[in-house]
Amino acid sequence: MKKGFSLLILALLLTGCARTPPTSVQQSNAFDNAKYKSDSGKTWTVSQLKADYLSQTGNTLTSPEALSCQWDDFCYYNAFAKAHDDGIQAFNNIKVAKDKAEREKEAEACSASPECKRKSEISRYSQILNRTYAMVLAENPYQQDEFDGAVRVMCRKAGESQRAGVSEKKLLQNVDMIEGIAPHTRYQIRQVAEACWNLSYNGVPNGSVLIKTGY
């Protein structure tokens, strides 16, 4: 009888020591401002995750199912960290898809407008010309004046060839037939010739006027 009574007392004590499962509000109050270190080494709190999500997406982070974590603070943080990362990834995927659709729609509308298409081509080949120009000068820091002049002369000549009736294909074939040029240099000459031929074709006779020196 004494043994049974002792076991009953022990059972009651153990039951009294068991912690009541928390509500979501209790979890939030207890854990939202606790600090945890992410895989990247940065320290985060759940409150910071919520604020970051709102900043990046403009939306409130939907609370994940975390009641199963009960009083496990690390489990609670991980649930929110996963919801944060997955939510931002989904948001970015939707944004990328939307931006792509808008660009395709704009490109389709532009292709139907000769003037829009012409301006688009000028912008495209101007970027190619300037990118190549910057590369040439960066690779020849002590001869920049010479290479600046060479690129500009080459650009003017390519435009003159276009207006004289030389096709783009023929012009590039002529570049490929020049002897004694390193492959990388030949590639750069082709880029300048192609860009300036197309600039002339689209109404910019001297494409070198579009070169940006950066000074």
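This is a predicted model: local features need pLDDT of at least 70, side-chain atom pairs count only at pLDDT 80 or more; totals for chains, interfaces and linings use all residues.
I'll start with helix 6, which covers residues 144-163. Helix 6 has 20 residues, and from its first C-alpha to its last it reaches 29 Å. At 1.5 Å a residue, 28 Å would be expected, and the value found is close to that.

Which residues of helix 6 are buried? They are Asp-148, Val-151, Cys-155, Ala-158, Gly-159, Ser-161 and Gln-162. Looking down the axis of helix 6, these buried residues fall within an arc of 160°, so they line one face of the helix. There is a general point behind that kind of pattern. An α-helix has 3.6 residues a turn, so residues three or four places apart point the same way. On the face of helix 6 turned away from the buried side, we find Asp-145 and Glu-146, and these are exposed.

What covers the buried residues of helix 6? The cover includes helix 5, helix 7 and helix 8.

Asp-148 has a relative accessibility of 18%, and the cut-off for buried is under 20%, so Asp-148 counts as buried. Leaving aside residues up to four places away in sequence, Asp-148 touches Tyr-133 and Leu-137.

Next is helix 7, residues 168-177. Its buried residues are Leu-171, Leu-172 and Val-175. Seen down the axis of helix 7, they fall within an arc of 95°, so here too the buried residues line one face of the helix. Lys-169 and Met-177 are on the other side of helix 7, and both are exposed. As for partners, the buried residues of helix 7 pack against helix 6 and helix 8.

Helix 5 runs over residues 114-139, and Ser-126 is in it. Is Ser-126 buried or exposed? Its relative accessibility is 12%, so Ser-126 counts as buried. Not counting residues up to four places away in sequence, Ser-126 touches Leu-199 and Leu-210.

Now to a helix pair elsewhere in the chain. Helix 3 is residues 46-57 and helix 4 is residues 73-111; their axes come within 10 Å and cross at roughly 10°. Because of that angle, helix 3 is roughly parallel to helix 4. From helix 3, the residues in the contact are Val-46, Leu-49, Lys-50, Asp-52, Tyr-53, Gln-56 and Thr-57. They meet Tyr-76, Tyr-77, Phe-80, Ala-81, His-84, Gly-87, Ile-88 and Phe-91 in helix 4. By type, the residues of this contact divide into nine nonpolar, four polar and two charged.

The loop between helix 3 and helix 4 holds Gln-70. Gln-70 is not a glycine, yet it has a positive phi of about 50°. At 39% relative accessibility, Gln-70 counts as partly exposed.

The last stop is Thr-23. Where is Thr-23? It lies in the loop between helix 1, residues 2-17, and helix 2, residues 24-31. Thr-23 has a relative accessible area of 41% and is partly exposed. Along the chain, Thr-23 and Thr-185 are 162 residues apart, and their C-alpha atoms are separated by 70 Å.

Technical notes
Residues are numbered from 1 along each chain as its sequence is written. Side-chain values use heavy atoms; hydrogens and water are left out. Helices (H or I, at least four residues) and strands (E, at least two) are DSSP runs, numbered from the N terminus. Buried means under 20% relative accessible area, exposed over 50%, partly exposed in between (1.4 Å probe, protein chains only). Contact means heavy atoms within 4.5 Å. Axes are lines fitted to C-alpha atoms, for helices over the stretch in contact, and angles run from 0 to 180 degrees between N-to-C directions. Angles under 35 degrees count as roughly parallel, over 145 as roughly antiparallel, 65 to 115 as roughly perpendicular and the rest as oblique. Ala, Val, Leu, Ile, Met, Phe, Trp, Tyr, Cys and Pro count as nonpolar, Asp, Glu, Lys and Arg as charged, and the others, Gly among them, as polar. The expected span of a helix is 1.5 Å times one less than its number of residues. The arc is that of the directions from the helix axis to the C-beta atoms.
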